[in-house]
Amino acid sequence: MNITLVAILMVVLIILAGFQKRVPMYLALLFIPVGAALCLGYSIPEISTSLLAKMNDSMASGGYLLLFAIIYFSMLTESGMFETMINGLMRLLGGRMNVILLMILTTAVALLCGLTAQITVTFLIIFPVLLPLYKKYGLSRETCFILCQTGLAVMMILPWSAGAINVSVVLGCEPQELASAASRMALCMIPGIIFQWCYYAYRHKKAVGSFKLEVVEDVEESTEKSDNQLRRPKLFWANLLVFVVLMVGLVAFKIPAYLVFMAGAAYMIIVNYPKDFGKIIQKNAARYVDTLLMMLGISVYLAIFMDMGMVKALGETLIAVFPSFLMQHLHIIMLVPIVIFVRYIPSRVYTTLYPVFMAVGAQFGLTGMAVIAPYLVNMTLATGSTPFNTANVVGCSLLELDLNQYCKHAVRIQTVTNIISIAFALIFGVIPLAKI
């Protein structure tokens with residue numbers, strides 16, 4: 001069969017599979033590409049050799065890192081360290097709070113808790129703490145959600161995030177290498193965050209006449225006290241010190257990330273949870289298994305798509321059929337409306353197109369890293385305004401918001417934020433233009 005036709009049919013079938021809920025996305029990624037390879041005449045042993053090589057590479061670069069990172073950060077979260085730090089920041093600001101400081105605080109706690117690299121976990125930490133504050137001053141809880149999601153877009157470049165690990169599989173690189181490349185795009189998100197601060201501050205001043213906050217509802221604010229028996233307040237400083245040491249080892253001494261979090265997980269089990277570690281691991285097992293299966297599905301998809309000539313054939317066909325001035329900027333054209341696309345299309349479906357973007361970019365002298373790294377940041381932003389993202393369902397529940405109303409408002413603000421970040425990335429050369 002014609003290799004380009006098979007490649008197109010494979011991509012279309014995977015995209016269609018992403019729109020229905022009966023078959024998990026990872027199953028579509030595991031089996032549809034194998035069927036495509038058989039149609040091209042490859043034997044089972046040939047396919048198996050290619051798949052095992054790619055899956056083993058994926059596990060070595062990201063699978064073990066993900067395992068130990070989830071264990072470490074889930075236990076660190078249960079210990080209450082992040083909540084204690086948030087409450088400390090709130091007490092520090094005290095009576096000096098105004099609308100601008102509150103928005104900066106919201107972004108700051110999102111960045112802090114974003115170190116877990118798990119969006120749902122971050123929401124579970126910060127929204128119960130911030131909700132009483134937003135109610136007290138009568139501020140829109142949609143603002144709280146959008147500011148947090150934009151802050152998390154910056155933090156999801158961390159090499160232990162599921163997004164970074166999955167994209168690194170697509171690129172065939174180490175998650176740390178991708179994180180380094182995407183960090184410049186994360187910096188370009190800062191003007192977008194400032195835009196959000198200015199926009200919501202302006203709306204507040206227009207409504208009440210000043211930047212001051214006035215109490216409109218007497219609510220009980222969150223405190224550090226909790227009935228959760230897994231909290232470890234007496235170990236706060238020890239846990240914080242170990243956390244700082246691990247981050248220094250990771251960043252300054254370039255210790256492999258899986259070793260860093262292996263050590264962190266061992267510390268948390270031995271010191272914090274010698275008897276209860278099983279409960280926490282079991283509680284978070286589903287998150288690891290789901291991400292692992294998705295990672296392996298992507299590995300199978302890429303092994304077939306890239307190792308068997310499909311990417312090259314499809315890229316050459318697109319260049320031949322569509323105008324060159326469109327194709328040379330395809331990675332930018334598809335990035336600009338990403339918030340709107342992901343509002344209606346599951347993000348996992350959209351990410352299956354990354355190899356196509358890479359193939360087209362390669363025809364114009366662009367590396368896969370240059371084409372795809374910006375998507376790591378802006379895709380996280382885009383997932384903050386779609387009902388397809390379960391983290392948004394959890395977040396809206398915690399903030400007592402209607403999911404559809406929130407998404408309708410968020411998609412407008414995050415689209416503008418996305419365009420601002422892209423504009424700055426183009427100005428400073430973070431997103432490269434194709435070589436003609």
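This is a predicted model: local features need pLDDT of at least 70, side-chain atom pairs count only at pLDDT 80 or more; totals for chains, interfaces and linings use all residues.
Gln149 sits in helix H7, which covers residues 141-155. What surrounds it? Setting aside residues up to four places away in sequence, Gln149 touches Ile119, Phe123, Thr380, Leu381, Thr383, Gly384, Asn392 and Gln414.

Thr4 belongs to helix H1, residues 3-18, while Leu259 lies in helix H12. Is Thr4 buried or exposed? Thr4 has a relative accessibility of 12%, and because the cut-off for buried is under 20%, Thr4 counts as buried. Beyond its neighbours within four places in sequence, Thr4 is in contact with Ala313, Leu314 and Thr317. Leu259, by contrast, is partly exposed.

| Residue | Relative accessible area | Class |
|---|---|---|
| Thr4 | 12% | buried |
| Leu259 | 37% | partly exposed |

Together with Tyr64, Val244, Val248, Phe253, Ile255, Tyr258 and Met262, Leu259 makes a nonpolar surface patch of about 700 Å². Which helices supply at least two residues each to this patch? They are H11 (236-251) and H12 (257-272). The largest share, three residues, comes from H12.

Now let us turn to helix H6, which runs over residues 119-136 and has 18 residues. From the first C-alpha of H6 to the last, the reach is 25 Å, close to the 26 Å expected at 1.5 Å a residue. Even so, H6 bends by about 40 degrees at Phe127, and a proline, Pro128, follows within four residues. H6 is mostly covered, with 14 of its 18 residues buried. Just after the helix comes Gly138, with a positive phi of about 65 degrees.

Helix H8, residues 162-171, is our last stop. Eight of its ten residues are buried, so H8 is largely enclosed by the rest of the structure. The buried residues in H8 are Ala164, Ile165, Asn166, Val167, Ser168, Val169, Val170 and Leu171. What covers them? The cover includes helices H3 (44-78), H9 (175-188), H13 (277-307), H19 (354-362) and H20 (368-382). After H8 comes Gly172, whose phi is positive, near 70 degrees.

Note on methods
Residues are numbered from 1 along each chain as its sequence is written. Side-chain values use heavy atoms; hydrogens and water are left out. Patches are made of residues with over 30% relative accessible area and no salt bridge: like charges are joined within 9 Å, nonpolar side chains (Val, Leu, Ile, Met, Phe, Trp, Tyr) within 5 Å. Accessible areas come from the Shrake-Rupley method with a 1.4 Å probe; for residues, only the protein chains shown count as cover. A salt bridge is a side-chain nitrogen of Lys or Arg within 4 Å of a carboxyl oxygen of Asp or Glu. Buried means under 20% relative accessible area, exposed over 50%, partly exposed in between (1.4 Å probe, protein chains only). Contact means heavy atoms within 4.5 Å. The expected span of a helix is 1.5 Å times one less than its number of residues. The bend at a residue is the angle between axes fitted to the seven residues ending there and the seven starting there.
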